[in-house]
Amino acid sequence: MSATPTKLVVRGASLLGETTGDLLVVDGVITEVGSVDSTGAEVVDADGLVALPGLVDLHTHLREPGREDAETVVTGSRAAAVGGFTAVLAMANTSPVTDTAEAAERVHDLGVAAGLVDVHPVGAVTKGLAGEELAELGLMHRSRARVRVFSDDGKCVADPRVMRRALEYVKAFGGVISQHSQDPSLAGPTSCCHEGELSGRLGLPGWPGVAEEVIVARDVMLARHTGSRVHVAHASTAGTVEVLRWAKSQGIQVTAEVTPHHLLLTTDLLAGYDPTFKVNPPLRPQEDVLALREALADGTIDAVATDHAPHARHDKEHAFVDAAFGMLGLETALSVVAQVMVESGQMSWTDVARVMSTTPAAIAGLERQGRGLEVGSPANIVLVDPSADLTVDRDASVSLSRNNPWHGRTFGAAVRATFLRGRATVLDGALV
Amino acid sequence: MKKHLLSIDDVTADDIAEIFATAAEMHDVQRRDVKKLPALRGRTVINLFFEDSTRTRSSFEIAGKWLSADTINITGKGSSTSKGESLRDTVLTIGSMGVDALVMRHSASGAALQVSQWVDASVINAGDGTHEHPSQALLDAYTLQRRLGSLEGRHVVMVGDLTHSRVFRSNVLCLTKLGARVTVVAPPTLMPSGVTEWSRAAGFETSYDVDAVLPTADAVMMLRVQKERMSGGFFPSPREYTVGYGLTRDRLALLGPDVPICHPGPMNRGLEIAADAADAAQSVILDQVSAGVAVRMAILYHLLAGEGSAA
């Protein structure tokens, strides 16, 4: 089939896993839902596949500019498309940092040129991620990149006065601060293992859950005080869930994301000191994992975001405490969420669409993403095989990096096709 | 025995008994005029020390030389950033020179285990961060066993900075494996995180009260308090530490006259251990050092030469 049909029919998909129907897409827009006439259209047979709106990832590291040996906007876009994403937010901790309009436009333009997913640069909250002076938040917003989400991710905006000013300032244009919640004096740069029995036994510097929770608690109070919107990146503990639940009950404007790895992997994987499992925040014990799943199911946590963090092999081949933080996530996110939340019966596919598409799009203010599979919506669609037998092979990844914690694991759901505004970016599980 | 000695978990009680039997033979060799044995002739042992060490490095060096191994010391600062050469590249380079054993110290916990997965040589962990120091634990247990006979059912008390101590971690594994009852004592800020669950699972006891446990001790191990921990972050002052946890002259009186006193060195006299205790007749601190060479000879012998008598 042609890569850019003007008329496309997705035939016989299970729409959000609920009703079976066809989708007619004309010039990138869904124009008919139900039983449609495919005359003159390219037809994609979606029998047995679940159709969801294209996924939106609030949290990726695409490494360009600066570490093009680990990932580029092009290779990261490929990984995103393979994972069923049609939009990703690219974090600001590149080199140079995305803390100016020009830097944001550069990432934006690289995304447009790659053309596989919408790449939205996240702007730094502070200049150089130094946590001291506000970056040019407004100019980044006014730029071609239309930046709405700001984060010093990788570092916490630790100074409460700076955080307060950032929260206040972005209200003028509906921005949101996505906070990497890590009190730097409770969990410093060497902290790399969940603080608990295992870190004590392994002699690894502990990263206690409370170092996250005190920042989340502080930030929701700042959000209440300023009447601003705060987003909690990669929530990882049961204590954070408790704070979020309370804050939402008070009507505080707080949203939160959880990563696929924090929904499934646990701290005991660090027992062999394999830096593949070194991530920030660290993998937590099972009780935290269960609390995060419950919070995602009941809406306390709003979204799943991957924190896709590619690293060159040699940056992971140091002693554990010296190795780079982070793991790949884009290609496997939906398979993990399906296993953990859908196959377990905790969530429906409609819920998956909510936490991986609709809500993250709303948090980031992406009006053309995360829309329902309805007439008039842009045809951002992912087709998922819910009875696949996928064994992850890190060498089969389209990412440039291989720090894949899912290598060798088997999943029962796999992305088969992705459409960005009606154009297939992935078909039969492979890039078009 | 396993190929590597990375943790006390790598050796069984039977392995330890074999090491101690060999160490006793080596100990006799130490008293000879001519100390060299041919057991490891033609074998190459590299002491790869990414972190400063005088006693452990020289102890392993002497052990290797007395067994006729070619012993080479390489020292260097470990990379603490992801910008320098990777640890894997460093050890692959050294491993490619044709090495039979790599005796390795590194400031990072787990480094020896990681290296053992990359190189062909046997890896002996001579201290990895705050994780383990198995040869130290073996020489401590060997020293105590020579004093006390069997360690089965004996009460060993360890006092000091447990959080940052690899000696503690290896010793608690080793002593419990040999049947000793172990109590570890430290202020709460120097107890490893999760020690309550860990001690319950591993079968040792914890206490904040050194005076309560010393009267029933069959042996005492004092651990060094690092200078960089004294600045008020973990306890208010050295003086307060000594009053609370030091083996002072007053506390020495709580011990039976035959209760051996150990310290892995280097000591902070006057801080964790009073001179009266360090120099007491019951102190075995220098015995630990001489046992160190014998035990390390035994470790090298068992990992590199195989079975049978060496001396």
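Strand E7 (residues 85-90) of chain A runs parallel to E8(A), and four bridges join the two in this predicted model. If you follow this pair in the viewer, you will find A:Ala90 opposite A:Pro121 in E8(A). Both strands belong to an open sheet of three strands, ordered E6-E7-E8 (chain A) and paired in parallel. Strand E6 (55-60) and strand E8 (118-121) of chain A are the edge strands, each pairing on one side only. From one strand to the next, the twist averages 20°. Helix H12 (residues 349-364) of chain A lies across E6, E7 and E8 of chain A, and runs at about 55° to E6(A).

**Two helices that pack**

Two packed helices are described by the angle between their axes and the distance between the axes. For helix H4 (residues 160-169) and helix H6 (residues 209-226) of chain A, the angle is about 45° and the axes are 10 Å apart. H4(A) is therefore oblique to H6(A). The crossing of H4(A) past H6(A) is right-handed. On the H4(A) side, the contact is made by A:Pro160, A:Met163, A:Arg164, A:Leu167 and A:Glu168, while H6(A) brings A:Arg218, A:Asp219, A:Leu222, A:Ala223 and A:Thr226.

**Two domains in chain A**

How is chain A divided by the domain assignment? Domain 1 covers 7-50 + 377-431, and domain 2 covers 54-364. The C-alpha centres of these two domains of chain A lie 26 Å apart. Where they touch, 31 residues of domain 1 of chain A are in contact with 39 residues of domain 2 of chain A. On the domain 1 side, strand E16 (381-385), strand E19 (414-420) and strand E20 (423-427) of chain A each supply at least two residues. E19(A) gives the most to that side, with four residues.

**Where chain A meets chain B**

The contact between the chains takes 21 residues from chain A and 26 residues from chain B. On the chain A side, helix H5 (197-202) and helix H10 (313-316) of chain A are the elements that give two or more residues. H5(A) provides the largest share of that side, five residues.

**Residue make-up of the contacts**

Here is how the residues divide in each case.

| Contact | Nonpolar | Polar | Charged |
|---|---|---|---|
| Side of domain 1 of chain A that touches domain 2 of chain A | 19 residues | 10 residues | two residues |

Technical notes: Residues numbered from 1 in each chain as written. Chains lettered and ligands numbered in written order. Predicted model: local features only at pLDDT ≥ 70, side-chain atom pairs only at ≥ 80, totals over all residues. Domains from an automatic or database assignment. Contact = placed C-beta atoms within 7 Å. Nonpolar A, V, L, I, M, F, W, Y, C, P; charged D, E, K, R; others polar. Axes fitted to C-alpha atoms, helices over the stretch in contact; angles between N-to-C directions. Parallel < 35°, antiparallel > 145°, perpendicular 65-115°, else oblique. Left-handed = near helix turned anticlockwise from the far one by under 90°. Pairing = 2+ DSSP bridges.
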